[in-house]
Amino acid sequence: METTATILHADLDAFYASVEQLLDPTLRGKPIAVGGGVVLAASYEAKAFGISSGMSGRRARELCPQLIFVGGHFKDYQRLGDAAINVLNDFTPLVERLSIDEAFADVVGCTHLFGSPAEIARVVRRRVRAEVGLPISIGVARTKHLAKIASQVAKPDGLVVVDPETELRFLHDLPVELMWGVGPATKARLARLDIHTIGQLATMPRWSLQQIVGRAVGEKLSALAWNRDPREIRTHHRAQSAGAQSALGRKPAEEQIFRPILRHLADRVATRLRAKFRPGRTVTVRVRFADLHSVTRSITLNAPISANASLAEIAEELVRTALADHPHERIISLLGISVSHLERHWDVQLELPLGLEDEKRRPGSKSGMARSNADRAVDKIRDRFGWEAVEYGSALGLSRSVPDEFRELAERKL
């Protein structure tokens with residue numbers, strides 16, 4: 001592990017809202033939100049009223065009656081996000097892009113050309129502001145985890161460089177929710193144990209932490225609390241899973257609610273799998289309840305799948321299992337599907353019609369082949385005429401508070 005702080009984490013500030021304010025100067029300095037039924041992103045002026053992404057539009061208007069909603073310019077998000085992150089490429093080839101608006105960069109080999117990591121970060125921020133017109137915060141540290149935390153501390157529109165000699169002093173005074181893996185539900189559980197800072201978590205008995213978050217996550221959090229993070233910058237890597245999720249607000253945990261949503265999510269995920277010829281064996285669903293507590297259920301199949309109907313049916317069964325295990329939960333706020341254990345090279349093996357219960361989901365069966373052919377016909381129509389040209393009947397009439405274009409920006413490429 002490096003002993004000097006050479007890793008940068010660059011994160012565009014309130015990205016989607018900042019782009020809207022850039023495109024329409026009359027919105028600058030005003031509380032705005034991208035979205036409508038659900039807040040997709042909020043400006044810092046809106047965040048000052050307690051508005052956050054994922055909040056219902058109705059609740060957001062209650063908190064801030066003067067809030068301005070804008071629909072979103074998705075092509076501009078992609079264009080400006082690319083332009084900002086590409087500035088990093090002018091300094092180092094070691095750039096790992098995490099999403100449309102953030103990336104890691106390691107400048108260990110270019111300081112003799114461009115100056116210290118702090119100087120490089122200052123130039124990057126200045127250029128992004130001048131060339132792209134957007135604010136960007138950067139954290140500089142010895143590890144990826146600490147650099148990402150430093151960029152959060154730097155917001156809005158700032159720079160924080162963490163000295164390796166004082167990194168634990170810096171890290172341990174920060175709130176625990178800045179750590180990877182600590183969401184609202186975990187934060188609440190830790191608070192009940194009077195754990196509010198990263199330093200308090202660092203001194204927490206490992207067995208006690210593992211009781212809250214599980215063994216694997218507990219070991220990860222314990223290491224990160226002491227800034228033990230050996231991960232290196234990965235410039236070229238393919239995603240090992242594909243997923244999509246939908247924030248619902250507050251909806252009854254009923255079949256007529258979750259079934260069409262899962263069908264739409266399965267359509268999004270399976271389409272991406274087929275486009276890259278990478279079917280997957282493990283299907284995982286995530287269900288978040290009204291109190292923000294989430295549960296997951298998964299199954300690993302004998303053969304990889306990429307058919308819409310097969311993925312949707314499996315996801316529905318997993319969601320029903322999750323709801324049956326939590327009979328007192330009446331409200332769901334989010335549903336998600338992901339497929340992992342993706343195959344790189346796989347040939348469909350034809351199967352005899354043996355009358356098995358799951359035969360129609362098997363890719364090599366007669367029913368499975370029919371499903372695959374139907375999906376690929378739909379794919380060809382969409383490739384030529386656009387996504388909206390054809391829709392699966394099970395998803396017709398589905399009200400989508402989050403536009404598909406926004407989801408496409410957030411989903412990682414395979």
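Asp229 and Arg231 pair up in a salt bridge, with the closest N and O atoms 2.8 Å apart. Keep in mind that this is a predicted model, so every value here is computed from predicted coordinates.

The two partners sit in unlike surroundings. Asp229 has a relative accessibility of 2%, so it counts as buried. Arg231 has a relative accessible area of 38%, and is therefore partly exposed.

## Tying helix 13 to helix 14

Next up is Arg320 with Glu255: their side chains meet in a salt bridge, 2.7 Å from N to O. Arg320 belongs to helix 14 (residues 308-325) and Glu255 to helix 13 (residues 255-275), so this pair ties together parts that lie 65 residues apart in sequence.

## A buried pair, and the overall count

How many salt bridges does the structure hold? The total is 26. One of them joins Glu96 and Lys144, where the closest N and O atoms are 2.7 Å apart. This pair links distant parts of the chain, with Glu96 in strand 5 (residues 95-99) and Lys144 in helix 7 (residues 144-154), 48 residues apart.

Are Glu96 and Lys144 buried or exposed? Both Glu96 and Lys144 are buried.

## Helix 4 against helix 6

Now for some helix packing. Two packed helices are described by the angle between their axes and the distance between the axes. For helix 4 (residues 74-89) and helix 6 (residues 117-132), the axes come within 9 Å and cross at roughly 150 degrees. The crossing of helix 4 past helix 6 is right-handed.

Which residues meet there? Helix 4 brings Leu80, Ala83, Ala84, Val87 and Leu88, while helix 6 brings Val124, Arg127, Val128, Glu131 and Val132. Sorted by type, the residues of this contact come to 8 nonpolar, 2 charged and no polar.

Note on methods: Residues are numbered from 1 along each chain as its sequence is written. This is a predicted model: local features need pLDDT of at least 70, side-chain atom pairs count only at pLDDT 80 or more; totals for chains, interfaces and linings use all residues. Side-chain values use heavy atoms; hydrogens and water are left out. Axes are lines fitted to C-alpha atoms, for helices over the stretch in contact, and angles run from 0 to 180 degrees between N-to-C directions. Helices (H or I, at least four residues) and strands (E, at least two) are DSSP runs, numbered from the N terminus. A crossing is left-handed if the near helix is turned anticlockwise from the far one by less than a right angle, and right-handed if clockwise. Contact means heavy atoms within 4.5 Å. Ala, Val, Leu, Ile, Met, Phe, Trp, Tyr, Cys and Pro count as nonpolar, Asp, Glu, Lys and Arg as charged, and the others, Gly among them, as polar. A salt bridge is a side-chain nitrogen of Lys or Arg within 4 Å of a carboxyl oxygen of Asp or Glu. Buried means under 20% relative accessible area, exposed over 50%, partly exposed in between (1.4 Å probe, protein chains only).
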